[in-house]
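Colleague: I would like a close look at one part of this model, the nonpolar core and the strands around it. Please take me through that part step by step.

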Amino acid sequence: GSRAILHGGRDDPTDLILCNFPKKTVDAGVGGVVFLQFNVDEFGDVSSPSILKSAHPDLDRSALEALNCLPQMIAGTQHGKPVRVTYTIPVRFTVR
């Protein structure tokens, strides 16, 4: 089968998620990695987002909100039929 891909041919949603830090975490110097899991359903829609590994409640919330920025995807296929694909991705927040 194939993975879900973004319209335009990109197959890795991690390079499209750009997050703005919550101001209070920047001021406190808080960074970290939030691990997200979500599905891309048979129609290319993101569904069932969840936090697998938390970094900080505000960073978790920002990472989940970033999923709303993903464009419509083209569903993965198995045996020529569209299927749900589960992704687990790291969202890194770095304080500089």
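Modeller: A nonpolar core here is a set of buried Ala, Val, Leu, Ile, Met, Phe, Trp, Tyr and Cys residues joined through side-chain atoms within 4.5 Å. Buried, in turn, means under 20% relative accessible area. The model is a predicted one.

The largest nonpolar core has 14 residues, and the members that touch the most others are Leu36, Phe38 and Tyr87. At least two residues come from each of β2, α2 and β7. The biggest share is that of β7, which gives five residues. As a general matter, nonpolar side chains in soluble globular proteins tend to be buried together.

The strands come next. Three of them form an open sheet in the order β3-β2-β7, and the pairing is antiparallel. β3 and β7 (85–93) are the edge strands, each pairing on one side only. From one strand to the next, the twist averages 25°. Between β2 and β3, which run antiparallel, there are five bridges. Across β2, β3 and β7 lies helix α2 (residues 57–66), which runs at about 35° to β2.

Setting aside neighbours within four places in sequence, Leu36 is in contact with Ser50 and Ile51, with Ala63, Leu64 and Leu67, and with Tyr87, Thr88, Ile89 and Val91. Of these, Ala63 and Leu64 fall within the residue range of α2, while Tyr87, Thr88, Ile89 and Val91 fall within that of β7.

Which residues make up the one aromatic pair in the structure? They are Phe38 and Tyr87, and their rings are stacked, with 5.4 Å centre to centre and 15° between the planes. Phe38 belongs to strand β2 and Tyr87 to strand β7, so the pair ties together parts that are 49 residues apart in sequence. Are these two residues buried or exposed? Phe38 counts as buried because its relative accessibility is 0%. Tyr87 has 6% relative accessibility and therefore counts as buried as well.

With 12% relative accessibility, Asn39 counts as buried. What joins the side chains of Asn39 and Thr86 is a polar contact of 2.7 Å. Beyond neighbours within four places in sequence, Asn39 is in contact with Asp45, Val46, Ser47 and Ser48, and with Arg84, Val85 and Thr86.

One of those contacts, Ser48, has a backbone feature to note. Ser48 lies in strand β3 (residues 46–53), and its phi is near 55°, a positive value in a residue other than glycine. Most residues other than glycine have a negative phi. His79 likewise has a positive phi, near 55°, and is not glycine. The place of His79 is the loop between β5 (76–78) and β6 (81–83). At 77% relative accessibility, His79 counts as exposed, whereas Asn39 counts as buried.

Key
Residues numbered from 1 in each chain as written. Predicted model: local features only at pLDDT ≥ 70, side-chain atom pairs only at ≥ 80, totals over all residues. Heavy atoms only, no water. Helix = DSSP H or I, 4+ residues; strand = E, 2+ residues; numbered from the N terminus. Buried < 20%, exposed > 50% of the residue type's maximum accessible area, 1.4 Å probe, protein only. Polar contact = N/O pair within 3.5 Å; in protein donor to acceptor, adjacent residues only side chain to side chain. Contact = heavy atoms within 4.5 Å. Pairing = 2+ DSSP bridges. Axes fitted to C-alpha atoms, helices over the stretch in contact; angles between N-to-C directions. Phe/Tyr/Trp six-rings, centres within 6.5 Å; stacked < 30°, edge-to-face > 60°.
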